[in-house]
Amino acid sequence: MAPFKFDQIGDWSELKLEIVEKYGAAYTKAFTNQHGIKKFYIDAFSGAGLHVSKRTGKQVEGSPARALKVTPRFDHFYFIDLDKGKTEHLNTLCRNRTDVDIHTGDASRYLSQSVLPKIDYRKFNRALCLLDPYGPPFRLGTNSAGWTIRGG
Ligand SMILES: C[S@@+](CC[C@H](N)C(=O)[O-])C[C@H]1O[C@@H](n2cnc3c(N)ncnc32)[C@H](O)[C@@H]1O
């Protein structure tokens, strides 16, 4: 198996990461006065939590690392990636945290079978879900609650 390497990212990805961080903060802030709401962050194609900038050669925090720092805070995090090297690195970033679940495997299966069924709107659960694959196609099936998400 090839040794794990951080992804190299271009300017557009760096901009995307800034937007994700700002959007995350705006999202949790929007619930500030709504007591009892539990806020989840789901990163279905999470990567390793760290990249290398093509432009500068420096390390750049990935979307999961940024979500973990957002204030007001999310209550719980789900990170999913197919690449074991990346989820192992994420595990080192999240050591000792009890509010993080990290899964190695296919996002569409794990999301539809294990994560989304737990986010129950009637129990005041709300989620920001980032779907950020390298490219199309991406498809989620329909679950027992009847929702479908498609992308790509
Ligand atoms: C664009 S990168 C994600 C970057 C990350 N969201 C960030 O901004 O820091 C896409 C990731 O999707 C992962 N991936 C590809 N196919 C996948 C699948 N079927 N399920 C879960 N992860 C997958 C890749 O290993 C890669 O880390």
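Is phenylalanine 40 buried, partly exposed or exposed, and how many other C-beta atoms lie within 10 Å? Phenylalanine 40 is partly exposed, with 19 other C-beta atoms within 10 Å. The cut-offs are as follows: a residue is buried if 20 or more other C-beta atoms lie within 10 Å of its own, exposed if 12 or fewer, and partly exposed in between, with C-beta atoms placed from the backbone.

The model is predicted; local features need pLDDT of at least 70, side-chain atom pairs count only at pLDDT 80 or more, and totals for chains, interfaces and linings use all residues. Residues are numbered from 1 along each chain as its sequence is written.

The protein has four helices and nine strands. Helices (H or I, at least four residues) and strands (E, at least two) are DSSP runs, numbered from the N terminus. From that terminus on, the elements run β-α-β-β-β-α-β-α-β-α-β-β-β. Of the 152 residues in the protein, 24% are buried. Contacts were counted between residues whose C-beta atoms, placed from the backbone, lie within 7 Å. Among contacts between residues at least 6 apart in sequence, 66% join residues at least 24 apart.

Phenylalanine 40 belongs to strand E2. Aspartate 99 is 59 residues from phenylalanine 40 in sequence, and the two are 9.8 Å apart in space, C-alpha to C-alpha.

Two strands pair if DSSP finds at least two bridges between them. E2 and E5 pair over four bridges, in the parallel sense. Across this pairing, tyrosine 41 stands opposite phenylalanine 77 in E5. E5 also runs parallel to E6, to which five bridges join it. Here tyrosine 78 has aspartate 101 in E6 as its bridge partner. E5 is mostly covered, with five of its six residues buried.

A separate group of three strands forms an open sheet in the order E1-E3-E4, with mixed pairing. Strands E1 (8-9) and E4 (59-61) are the edge strands, each pairing on one side only. E1 and strand E3 (residues 50-53) run parallel and are joined by two bridges. Isoleucine 9 has serine 53 in E3 as its bridge partner.

The largest nonpolar core has 19 residues. Such a core is a set of buried Ala, Val, Leu, Ile, Met, Phe, Trp, Tyr and Cys residues joined through C-beta atoms within 7 Å. Ala67, Phe77, Phe79 and Ile80 touch the most other members. Two or more residues each come from strand E2 (38-43), H2, E5, E6 and helix H4 (107-115). E5 gives the most, with four residues. Leaving aside neighbours within four places in sequence, phenylalanine 77 is in contact with Tyr41, Ala67, Leu68, Asp99 and Val100.

Helix H3 (residues 84-93) has the buried residues Lys86, Thr87 and Leu90. Seen down the axis of H3, these residues fall within an arc of 95 degrees, so they line one face of the helix. The arc is that of the directions from the helix axis to the C-beta atoms. Their cover includes helix H2 (63-69), strand E5 (76-81) and strand E6 (100-104). The exposed residues Lys84 and Thr92 lie on the face of H3 turned away from its buried side.

Backbone geometry was examined next. Most residues other than glycine have a negative phi, and most peptide bonds are trans. Asparagine 96 is not a glycine, yet has a positive phi of about 70 degrees. Asparagine 96 is found in the loop between H3 and E6 and is exposed, with 5 other C-beta atoms within 10 Å. Phenylalanine 124, also not a glycine, has a positive phi of about 65 degrees. Phenylalanine 124 lies in the loop between H4 and strand E7 (125-130). This phenylalanine is partly exposed, with 13 other C-beta atoms within 10 Å. A cis peptide bond joins threonine 71 and proline 72, with omega about -10 degrees. Proline 72 sits in the loop between H2 and E5.

Key:
Two residues are in contact if their C-beta atoms, placed from the backbone, lie within 7 Å.
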